[in-house]
Amino acid sequence: MALRRRPIPIFIQLLAGMFLIAALAIALTNWFNYRQTSQIVLNRTADYNQESVDQLSAKIDVLLRQYDQASQMIAFDEKVQAVLADPTAKPGGQMQVELNRYLAEKIRYIAGDMLLHLFGQNGNAYISNESLQLFWRQADDVSAVSWHAKMEEMDGHMLWVYGPAWRDGEIPAIIGARKLKDSRRLTVLGEEFVVFPVEKINRMIGETGQRIERKVQVMDSIGNIVYSTEPREIGTAADQGLFAKFGGNAHPFFEWTTREDRQRMLVAYAKSTYSGWTTIAYFKPEAVFSDASQMWAQALLTMVAGIGIALTLVAYFTWTLTKPIRQLADGMNRIRKAGMKPFDRPFASREIALLYSNYNAMVQELEEVVQRLSEQQISAQRAELVALKAQFRPHFLYNSLNLIYWTIEDERPEKAQEMTLALSELLRYSVHPSTDFVTLGEDLAQLDRYLLLQRARFGDQFSVNMEVEEGLERQRVIRLVLQPLVENAFHHGLEQKKEGDWQIRVRIVRHGDNILCSVEDNGVGMTPAELRFLEASIHQDQVFEKKGNGIGLSNLHRQLQAFFGKGHGIRLLPSPLGGLQVVLSLPLLETEQQSPLNAGEKGEDGAA
């Protein structure tokens, strides 16, 4: 014969279940907090460094634009234009000497570290600075450089690239190149080159503060590294994979494996629309997440302490919760064995106190029944029937306790209390015998209670956006003016939509002497023909809501017109959210103003 398994006490079940829930909740909370904290740290770092890179890119653009504008002023100078357009100008001639001197004087007042180098159509070279020179001295040498063809495509705009210059030896420099045109006829007169050392950008980047150690690169439009915090990289070709990524739609902050040491780095970049240059900053992931790692260690300590405290509190509250249920079960046992005895003691829990009150009432009723049957000396058959009925109530109470037990197992008592009170208030509000008029704030509170019950049913499947113009909460409206609209949105719009998040938007605003109440959803919606037919049906007093327990739109429309006249009522529109929009028009009433139908009347409870 198989042994019957001994039932586990409810105390042990609750203790194990609640402790497991508490421990799991603490662990998940800390883990999600760590994940969220890490993401916040990453996002803040990304934002800060993106802003820093944007500032660097903007500063470099400002510098290049200054040189561009200065070179344009000189390029369109009448004297410069005249010499370049003169076909008689010869290398080493007086015109070349005078123009070189003129250029030097002009540049001296603009930028002392800048070289302006001009080539005429006949190949003559004109320079503003002898100490800093273009690496290519002849026009033919420059035309053989790879980026020279791209300069042809710029149509007079400045092309900025990396290139070598000469100052007591070859130095890294930035070169701006453009085709020079006649200011009147727009014919090409020659080529203009602006040259200044890379160290100019070095000083600029060094002035920008930083929170995390990083490497900075500046890449020109043809894929050469113009500047780098690692000098050995200046003048080299950029990583072609990274260069191609910048040319696409790359996210401003992403991970990348470096070409040189195959190291995983976080990359922030900004691309200039003026020069086509890309400013890049590289960060090590461990530097970004160092604070988050410390937080995770603290979270683990908090988790261990929280689980210990949770175990103690769960044991105490479980024992307190199950003690009155055990006593009640013992009392029911005595009903069958040793007679009936009521309980007379206070309880901290309202639900348990109600159970004991009902138990005592049942005990008292059973005693009265037994006494009455004994006094009347009814027949054995009737006495048996009464006994069976008397036995039914303990059995019913046992089943109720069992249901409460499983309710405790499956649901939070606080949530059940909240739902019960909300439903009670909702029913009380619906059948309140006072005036038909309430404040808009009271009707909004009613709507909140309805939404609480709907959220208990649907959970986070829907969201509600409430927009109420300031000052309207004290305006007078008819009772239950908002809830039917939201019920309609759920029943006819959202519940017919099988997938996706549900959205409801409630807007209440002034419009002249009226109040417009709009409720819209992203449900299944209606075609224009269906919408026109439905609105016509409502205005012709045809019943719209044939099923369900809510107040139909046709009913509500008739109420509005009965209270406020034909100028008010319901309009139906397609919603920008994708579903239906219902708009109510109400007059703007003062707080103490009443409907003509309610003037001078009071409810049964005496309320005005």
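1. A salt bridge here is a side-chain nitrogen of Lys or Arg within 4 Å of a carboxyl oxygen of Asp or Glu. The model is a predicted one, and by this rule it holds 14 salt bridges. Side chains of opposite charge can pair when their charged atoms come close. Some of the pairs are taken up below.

2. Arg178 and Glu192 form one of these bridges, with 3.0 Å between the closest N and O atoms. Arg178 belongs to strand E5 (residues 170–181) and Glu192 to strand E6 (residues 188–197), so the bridge ties together parts that lie 14 residues apart in sequence.

3. Both partners of that pair are on the buried side of the cut-off. Arg178 has a relative accessibility of 3% and counts as buried; Glu192 is buried as well, at 0%. The pair is also part of a network of salt bridges that links Asp68, Arg178 and Glu192.

4. Arg185 pairs with Asp182 through a salt bridge of 3.2 Å, N to O.

5. Arg232, at 60% relative accessibility, counts as exposed.

Methods. Residues numbered from 1 in each chain as written. Predicted model: local features only at pLDDT ≥ 70, side-chain atom pairs only at ≥ 80, totals over all residues. Heavy atoms only, no water. Helix = DSSP H or I, 4+ residues; strand = E, 2+ residues; numbered from the N terminus. Buried < 20%, exposed > 50% of the residue type's maximum accessible area, 1.4 Å probe, protein only.
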